[in-house]
Each structure stands twice: as structure tokens, then as C-alpha cells.
Amino acid sequence: METGEPHICNDHHDPVCVQQGATLGLEIHSIIAVPLYAQDRCIGTLGLMNRTGAVFPTALFDGDEDGLGDEEQDLDHTIQRRGFDASDLKLLSLMAGQVSRAVATTLYRERQEKANRLATIGQMLSGVIHDFKTPVTIISGYVQLMAAQNDSGVRREYADSVLKQFDHLNKMTKEVLAFARGETSILFRKVFLHKIADELDELLRRDMANRGVEVHIETQYGGAAKIDEVKIKRALTNLARNAAEAMPDGGNFSVVIHKDDQDVVFTVSDTGPGIPPEIRENLFESFVTVGKEQGTGLGLAIVKKIVEDHHGTIDYQTQTGQGTTFTLRLPIEQD
Ligand SMILES: Nc1ncnc2c1ncn2[C@@H]1O[C@H](COP(=O)(O)OP(=O)(O)OP(=O)(O)O)[C@@H](O)[C@H]1O
Ligand SMILES: [Mg+2]
């Protein structure tokens, strides 16, 4: 890592062998190390120690033209110490290239994820602050009542109510912070579904109209549910995009939001050609895509993941030439 250059030594007196040996509590007679690079930065090394190799008695190969030997000969070798050489270096450098790429990709993904999380918090910040207003208003009310109250028993009741609101604030803060730290990938908040419906309408209407698709959004239940609104909107827009892509000559796309017992249900329909029969079995798996030049087959896998993160379910019904309906069912409350 210091030099950023590959290193080979085949001498147990070499300081690198001595130092590594002391660290690992091993006797080291040979060592090879190549640097790992991620975006021009040396992030580590890949090293191997104590090279051994099979040594075949040369006599056994006499007259063995194909050079493969037979089974008995294969077994008849000894393992001996030897040094690392240029061909080891070549192989290890190849492996280091793969490892570097894997590490660089992971680092990049982690950074991206962090940026996404922060962006989500940014998008939700006004909502989070809005959520804080309710308990803060209640606290302020009780404190004013307490100031005018002589009866210590009643004051205690007010104090309990205030403390309950502080618990509530604490819980909300913790949820946001856990999300920021990446401990949870989902940020549940109480959201009104009529707001989701309005925003979805705004997100989709123009884009879908340009593709000749008419959008209908019907809010039979506009009340509250505890969901990650950014993720749910992403799921619904993914479904909308699929529907639009399936209906190049236009059609109808509709979302109906209703409540069923303890669940909020999104029924998402289109009047397209239906899901191709060959992928109906594994529709929600990653990289399942049919009939799209630019398709990666991740859209529905992401939708399913979002629904499952909400402890909900997703099903679909489809009829060739008639259309497709996805049903997303999410619990209104999360515990
Ligand atoms: N509403 C729909 N009507 C007809 N076929 C659909 C519909 N939704 C999805 N499909 C089919 O299911 C496949 C998988 O969809 P998915 O969204 O997972 O991937 P994709 O759209 O191909 O690629 P990506 O979403 O990653 O860009 C699509 O390729 C398409 O063939
Ligand atoms: Mg898609």
C-alpha cells in the first residue's frame, strides 16, 4: 500500500516477511502482494504467503508424450516450498483487478445509497417538521393550562400528557435518524392518501397524456396511513410506466385507493395487452423483461420489495388483450 506497486519476496530474512510473520504469528518464507485500486486510490492489497507447489519426479514423465501422466503418476508427487514468480504475479494481478472492481462497486453503491437516503430526508423534511407541529402545539397547550392550575393532581395529569407528547417526538426523531444512518431502508410516516393521490396525479397526468394514456385516480379512502410516501410513489410510478410502455397506442390507466379492514388497497389497472404468458410465473423476479429494448426487468422487483418492506402483499390479474390489474395491499398501521 505504501508504494502502490506489486511486491514479491522469497527470502524469509526479508523485512516484509519478518514483519508479516510477527503480525500473524507464522513463519513466512515467501510473500507476494499486489495493490487494490478503486478510482485511482490504493485501498488495500491482496497478498498470498508461503508458496508451495507440487513437484513431480521427472523420471515418471519419461515416455509420456501427452504430458498428462496417468492417475498413479498424478498422485506420486511431493509438495515443496518454492518462491513466487512472474506467473503468480500475473494471476494475482488479475484477481486483484476483480476484487478492486467489486470493492469499488460496493463503495459506490454505499455512497449512492447514502445520497439517496439524504435526498429522501430532504424531500420529507417539510413533512417531518409538519409532523412535529402537532405534539409541539399540544405540549404548548398543556403547559399554558398547567400554569393556571392550582390543583396538583390535575397538574400531574397535564404533565403526563406533556410527557406522552415528548415520547412521541422522540420516537419520530429516532425513526428519522435510524433512516439517516441506514439502519432501516424505509421511513414510515403518517401520510394522507388524498395527498398521495394528488401528487401521483400531478406526476403522471402530463407524461401519460403525451403517450396517449388517460389517467384516472380515484380516492375512495383519503385518510391516513403509515407509509413511506416516496417509496410508494415510486412503486406506483413504476407500475404506471410499465402500463404506458405496454400500451404504445394509448389506453386507460387507473389507480383506485380504498380501505379494506386494516389495510389500504391500491388497485392499479391498465387496458393493455396483458402480461406475456411466458413470464407470468416469475414476473416479480429481477431481470425478467420481455419485449423492451431498454428494459432491465427491475421495475416490478423494486415494486415488490417496496410492498414487502411495508409488510404488505402484491398480486396481479391479467388477461391477454384485455389488460392487467395489480393489487397492492398495505397495512394502515405499522408496529
Ligand atoms: N402493465 C403491463 N402490461 C403488460 N406487460 C407488462 C406490464 N407490466 C409489466 N409487464 C411485462 O413485465 C416485464 C417486467 O416488468 P419490469 O417493470 O419488471 O421490467 P421492465 O419494464 O422490462 O424493465 P424496467 O422496469 O427495469 O425498465 C416487462 O418487460 C413487460 O413485458
Ligand atoms: Mg418496468
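Biologist: What is the protein divided into?

Modeller: Domain 1 (7-110), domain 2 (120-181) and domain 3 (189-331), with bounds that come from an automatic or database domain assignment. Taken over C-alpha atoms, the centres of domain 1 and domain 3 are separated by 53 Å. Mind you, this is a predicted model: local features need pLDDT of at least 70, side-chain atom pairs count only at pLDDT 80 or more, and totals for chains, interfaces and linings use all residues. Residues are numbered from 1 along each chain as its sequence is written, while chains are lettered from A and ligands numbered from 1 in the order in which they are written.

Biologist: Why are H6 and H7 called roughly antiparallel?

Modeller: H6 and H7 pack at an angle of about 150 degrees, with their axes 9 Å apart. That makes H6 roughly antiparallel to H7, because angles under 35 degrees count as roughly parallel, over 145 as roughly antiparallel, 65 to 115 as roughly perpendicular and the rest as oblique. The axes are lines fitted to C-alpha atoms, for helices over the stretch in contact, and angles run from 0 to 180 degrees between N-to-C directions. Helices (H or I, at least four residues) and strands (E, at least two) are DSSP runs, numbered from the N terminus.

Biologist: Which helices each supply at least two residues of the shell around ligand 1?

Modeller: Helix H6 (229-246) and helix H7 (299-309). The shell has 24 residues, and Asn242, Thr289, Gly295, Gly299 and Leu300 are the closest. A residue is near if its C-beta atom, placed from the backbone, lies within 6 Å of the molecule.

Biologist: How do the shell residues divide?

Modeller: Into twelve nonpolar, ten polar and two charged. Ala, Val, Leu, Ile, Met, Phe, Trp, Tyr, Cys and Pro count as nonpolar, Asp, Glu, Lys and Arg as charged, and the others, Gly among them, as polar.

Biologist: What makes E7 and E11 edge strands?

Modeller: Strand E7 (213-219) and strand E11 (313-319) each pair on one side only. Their open sheet runs E7-E9-E10-E12-E11, with mixed pairing. Two strands pair if DSSP finds at least two bridges between them; E7 and strand E9 (residues 251-260) run parallel and are joined by seven bridges, so they qualify. Glutamate 218 has valine 256 in E9 as its bridge partner.

Biologist: How many bridges join E2 and E3?

Modeller: Eight, with strand E2 (residues 31-38) and E3 pairing in the antiparallel sense. Leucine 36 stands opposite glycine 44 in E3. Those two strands belong to an open antiparallel sheet ordered E1-E2-E3.
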